[in-house]
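Please find below a note on the structure shown here.

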Amino acid sequence: MTHIVFDIGNVLLRWDPFAAFAHMPRAEVEAMFDAVDFPTWNLANDAGRPRAEAVAEITRTQPQHAARMGEYFDRFHHTIQEPIHGTWQIANRLKRGGRRLFGLTNFSANTWPVALDLHGGLTDLLEDIVVSGMEKTVKPDPRIYAILCERNRLAPGDCLFIDDSADNVAGARAVGWDAVQFTTPEALERALTERGLL
């Protein structure tokens, strides 16, 4: 039996970090994100760094942006407003077909409760969700895939992972999972149909 494991950001929920600063000119936000190296900063938060330490890091390196980037946590709800409805529909079809569904996401422990408040259906849809910020390890580290398997008594060869990141897909395959890189719900539906899962 194949069990389906969904990433959350940009698979089940659209994530747009710029939306936290929609009240500012886009060019200013882009310059700020470049100055603070937003992808690296955000990944460290996803790996378990607390909010206070995240802001302290910017205060040390880019003090002119510290106050604004601290607001990112307060305005995070703006970044994940939109469910990707086509993916939810596919997931519900899989669940109705008897598949066990799980989540595996790189997400800050500071902001994960916001996602659950906005999209409580995640915990109805998914049997268990492994959150990097809670585990203090991020995809594609092999350990985070193992945590999901160990916690739910799953064999790696019975897991199919769906993630928008090529690196995370490769990480899943490296530990013995099947994996699909998400682009659109339509492409995902085709990939699952080809595997006989839909």
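1. The largest pocket holds about 500 Å³ of space. A pocket is an open set of points on a 1 Å grid over the protein atoms alone, where a 1.4 Å probe fits, with protein on both sides within 12 Å along at least five of seven lines; lining residues have an atom within 4 Å of a point. The volume is the space filled by probe spheres set on the points, which are joined across faces, edges and corners.

2. The model is predicted: local features need pLDDT of at least 70, side-chain atom pairs count only at pLDDT 80 or more, and totals for chains, interfaces and linings use all residues. Residues are numbered from 1 along each chain as its sequence is written, and side-chain values use heavy atoms, with hydrogens and water left out.

3. Of the 25 residues lining the largest pocket, Asn10, Trp15, Asn42, Asp46 and Asn106 are the closest to its centre. The lining comprises 10 nonpolar, 10 polar and five charged residues (Ala, Val, Leu, Ile, Met, Phe, Trp, Tyr, Cys and Pro count as nonpolar, Asp, Glu, Lys and Arg as charged, and the others, Gly among them, as polar).

4. Helices H2 (38-46) and H4 (66-74) each supply at least two residues of this lining, and H2 gives the largest share, six residues. Helices are DSSP runs (H or I, at least four residues), numbered from the N terminus.

5. The axes of H5 (residues 85-96) and H11 (residues 185-194) come within 8 Å and cross at roughly 25 degrees. H5 is therefore roughly parallel to H11 (angles under 35 degrees). Axes are lines fitted to C-alpha atoms over the stretch in contact, and angles run from 0 to 180 degrees between N-to-C directions.

Conventions
Parallel < 35°, antiparallel > 145°, perpendicular 65-115°, else oblique.
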